[in-house]
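Work through the exercises below with the sequence and the model at hand. Try each task before reading its solution.

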Amino acid sequence: MGSGKGGVVLQLQLLVLLMLVVIAAAAHQRRYNSEKLVHRDHLPASSPLGESSSAPKSMGERLVQAVKRSSKRRDSILRSIQARGSRSAAAAAKPEQQQLDAAAEYSVPVSAGNGEYLTQIGLGTPPQTFTAIVDTGSDLLWTQCLPCTSCYPQTGNAFNPALSSTYQALNCGDGLCQDIQVVSCGGGCEYEYGYGDGSTTNGNFATDTVTLGSGSIRDIGFGCGHTNMGSFSPAGGLLGLGQGPLSLMSQISTTVSKKFSYCLVNYNSPNTSPLIFGDAAVTSGGLAYTPLVPNAANPTFYYIGLDGISVAGTAVDYPDGGFAIDDAGTGGIIVDSGTTITYLDTDAYNAVLTAIRGALTYPLVSGSQYGLDLCFNTGGAVNAATLPSLVLHFTNADFTLAPENLYISANDAGSVQCLAMAGSSGLSILGNIQQQDHLILFDTEAGQIGFQSVTC
């Protein structure tokens, strides 16, 4: 896109896209002990968050992999929703009230990698640092543990329970063990947890001290995985930030306020930003808030209400009810850091496609090889102001998507752009490409999510 030196620079910047956008928060710099986010493609070789040596080489390959991951994740979430039906989650046993260290700052470093976001967490006493995928669409905190029966390659060392003075394996009768899938009680609370792409973790459910920045919280339940398979590398585990009882946010709510924020930097930026927990997560007074929508059948996910969609300043007409949650818990739209592209109810999505096609001035090309429905050829140069924008009208909060949040480059030359959205039946998802350059605050205490368009 563009020509000459400036165009080459922009093309190179676009190559950082499809391993995903960087997670975390803070549109305004504050004096927090905040470790930073950095996109995987900008990581130095010495970075503890790992390298991207296994990344696909071309922009098209990256796009295909990102879309496939998103599709598998959407399918998995929908299957879990349908399987739960109208069941509600069991209440979790509340941990003992802990004294809050007023000087502590609960902030961790995050980096995008392999289509997900990576963060560093301290676990145990003394803390052993490991890299985990940040996921607002699941609950379990887990890491690879020694001894490893079957572990995939990771950056850094697997957690060694024998080196932690505060590690405590749980029994099946313990409260938190009631909220996870138990496969055996012969050696304590032995769990198994699966994900949409077939990845799994299996091991002992335990408690230990978790360190987030300069703050530590005791007796946090986590999975000590001895048998782990799948596409987690280079991370050593996963940090679930959903709303369920196993989520870190649910477990630390007696120590810090139940809120966190992040700001996903633009995919072509090497800049960093933090993921912040507790009251310090409120880094701006200019957010627009939309209420969380309860879904007792699926309490993990962050559902919000979508009242309308506009393209290029004009309201899109589509049938009512596409974003409502039915009695079985299906439908609705969730905010998910682990899904790359956005999925909209099929009827609304088709109407959006029609509106964008009508507003485009560039020739359309097939996007089938990338798994996307709308691609166009810019001829190598494009003025973003000529591309149609989109607004998601969430309840009480408009979420404006600039062209950089809507279209992604499908080839190394940057001449083929594709709409980073797809249709879906039964569940809609706000993906992380659309979240970039927005400060997003998850405030479950107040039952709301806050948005503000910023330069992260």
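**Exercise 1.** Are F260 and Y262 buried or exposed?

Solution. This is a predicted model, in which local features need pLDDT of at least 70 and side-chain atom pairs count only at pLDDT 80 or more, while totals for chains, interfaces and linings use all residues. Residues are numbered from 1 along each chain as its sequence is written, and side-chain values use heavy atoms, with hydrogens and water left out.

Step 1. Take the cut-offs: buried means under 20% relative accessible area, exposed over 50%, and partly exposed in between (1.4 Å probe, protein chains only).

Step 2. F260 and Y262 are both buried.

**Exercise 2.** Describe the aromatic pair of Y302 and F442.

Solution. Step 1. Rings of Phe, Tyr and Trp (its six-membered ring) pair if their centres lie within 6.5 Å; planes under 30 degrees apart count as stacked, over 60 as edge-to-face and the rest as tilted.

Step 1. The structure has 21 such pairs. In one of them, F260 and Y262, the ring centres are 6.5 Å apart and the planes stand at 45 degrees, so this pair is tilted.

Step 2. Y302 and F442 pair edge-to-face, with 4.9 Å from centre to centre and 65 degrees between the planes. They join distant parts of the chain, 140 residues apart: Y302 is in the loop between β15 (288-291) and β16 (303-304), and F442 is in strand β29 (residues 438-443). Helices (H or I, at least four residues) and strands (E, at least two) are DSSP runs, numbered from the N terminus.

Step 3. Y302 has a relative accessible area of 2%, so Y302 is buried. F442 is buried as well, at 1%.

Step 4. Ring pairs also connect W142, Y152, Y193, Y195 and F232 into a cluster.

**Exercise 3.** Which strands pair with β12?

Solution. Step 1. Two strands pair if DSSP finds at least two bridges between them.

Step 1. Strand β5 (residues 128-135) runs parallel to β12 and is joined to it by four bridges. There, D135 has G240 as its bridge partner.

Step 2. Strand β6 (residues 142-144) runs antiparallel to β12, with two bridges. W142 is opposite L238.

Step 3. Side chains in a regular strand alternate between the two faces of the sheet.

**Exercise 4.** Which residues have the most contacts inside the largest nonpolar core?

Solution. Step 1. A nonpolar core is a set of buried Ala, Val, Leu, Ile, Met, Phe, Trp, Tyr and Cys residues joined through side-chain atoms within 4.5 Å.

Step 1. The largest core holds 68 residues, and L212, F277 and I309 have the most contacts inside it. Helix α4 (residues 346-359) supplies the largest share, six residues.

Step 2. A separate second core has 22 residues, among them L63, I408, V416 and A420.

**Exercise 5.** Where does S409 lie, and what does its side chain reach?

Solution. Step 1. S409 is in strand β25 (residues 407-409).

Step 1. S409 is buried, with a relative accessible area of 1%.

Step 2. The S409 side chain reaches the backbone oxygen of N411 at 3.0 Å.

Technical notes: A polar contact is a pair of N or O atoms within 3.5 Å; within protein, one must be able to donate a hydrogen and the other to accept it, and residues adjacent in sequence count only if both atoms are side-chain atoms.
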